[in-house]
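Visitor: I would like to learn how to read a protein structure. Please take the features one at a time.

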Amino acid sequence: MSRPSPKLPHLTVAVPADIKGRRRSGSIVKVEEVGGRTEELLDRSAYLNINANWVNAKGAWLIHVVLVFMGKIIIDTIPGMTQQISWTLVNLIYLNLSYLMFHWVTGIPFDNELHGGAYDDLTLWEQIDDGAQYTPSKKWLFTAPILLFLASTHYTNYNPWLFAINLTALIVLAIIPKLPQLHRQRVRFLTGDASGFSTPVTPSFPKMDQNPLHAANPADAHFG
């Protein structure tokens with residue numbers, strides 16, 4: 001009579017559908033377009049966007065000149081301040097504030113529910129004149145930092161180091177973000193691949209018996 005072989009229990013591994021883990025990186029840098037859906041275009045046309053319409057109001061262009069001169073007067077009150085450093089600081093502060101206001105912050109601060117969140121992904125520059133390029137307001141906003149750069153270059157006596165700093169800030173903070181080629185374009189870093197599989201952070205397999213052969217011990221086998 002042949003000795004029966006022990007029967008091993010059937011093991012099943014259940015993989016939860018909602019595994020939460022680190023998404024595999026599909027690409028390091030990705031450029032994508034935002035704000036181009038049809039429903040968003042309809043929501044924008046429903047009401048007037050007062051968040052961006054003020055740039056076409058009377059005095060909106062003059063306020064830039066006033067703020068620059070006010071900033072220059074305040075900085076000149078600092079003890080030991082020279083004209084070269086003063087004009088450089090005015091130029092850098094204006095460029096950083098304008099970049100933060102026109103090219104960094106997205107959405108609108110009030111009455112956002114009227115537009116159904118259609119402006120949530122758009123900067124103020126992209127909202128001005130419904131995104132149209134080369135309008136009078138955008139031409140002025142493009143020209144104003146260039147004029148300030150020329151003034152700061154002149155009053156710093158064409159110092160090569162200060163010229164390099166002011167020119168770099170002008171190109172990076174004022175010119176490049178306003179180019180039509182970058183309109184509604186976003187650069188994403190380390191974006192995840194939606195079709196990839198997540199790498200689990202914690203084990204998701206069920207705990208198994210430490211001795212799976214315990215239930216099928218040959219000593220417990222019955223012989224007929």
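Visitor: Is Lys 72 buried or exposed?

Guide: Buried means under 20% relative accessible area, exposed over 50%, and partly exposed in between (1.4 Å probe, protein chains only). Lys 72 has a relative accessible area of 9%, so Lys 72 is buried. This is a predicted model, in which local features need pLDDT of at least 70 and side-chain atom pairs count only at pLDDT 80 or more, while totals for chains, interfaces and linings use all residues. Residues are numbered from 1 along each chain as its sequence is written, and side-chain values use heavy atoms, with hydrogens and water left out.

Visitor: Which residue forms a salt bridge with Lys 72?

Guide: A salt bridge is a side-chain nitrogen of Lys or Arg within 4 Å of a carboxyl oxygen of Asp or Glu. Here the partner is Asp 76, and the closest N and O atoms are 2.6 Å apart. Asp 76 is partly exposed, at 31% relative accessible area. The structure holds 1 salt bridge.

Visitor: Where do Lys 72 and Asp 76 lie?

Guide: Helices are DSSP runs (H or I, at least four residues), numbered from the N terminus. Both residues belong to helix H3 (residues 62–76), where they are 4 residues apart, about one turn of the helix. An α-helix has 3.6 residues a turn, so residues three or four places apart point the same way.

Visitor: Which residues of helix H7 are buried?

Guide: In H7 (residues 160–175) they are Leu 162, Asn 166, Ala 169, Leu 170, Leu 173 and Ala 174. They cover an arc of only 105° around the axis (taken from the directions from the helix axis to the C-beta atoms), which puts them on the same side of H7. On the other side of H7, Pro 160 and Trp 161 are exposed.

Visitor: What covers the buried residues of H7?

Guide: The cover includes H4 and helix H6 (136–155). Contact means heavy atoms within 4.5 Å. Thr 88, for one, sits in helix H4 (residues 83–104). Leaving aside neighbours within four places in sequence, Thr 88 is in contact with Thr 156, Leu 162 and Asn 166. Thr 88 is buried, with a relative accessible area of 6%.

Visitor: Which backbone oxygen lies 2.8 Å from a polar atom of the side chain of Thr 88?

Guide: That oxygen belongs to Gln 84. At the start of H7, a side-chain oxygen of Asn 159 reaches to within 2.9 Å of the backbone nitrogen of Trp 161.

Technical notes. Helices (H or I, at least four residues) and strands (E, at least two) are DSSP runs, numbered from the N terminus. A polar contact is a pair of N or O atoms within 3.5 Å; within protein, one must be able to donate a hydrogen and the other to accept it, and residues adjacent in sequence count only if both atoms are side-chain atoms.
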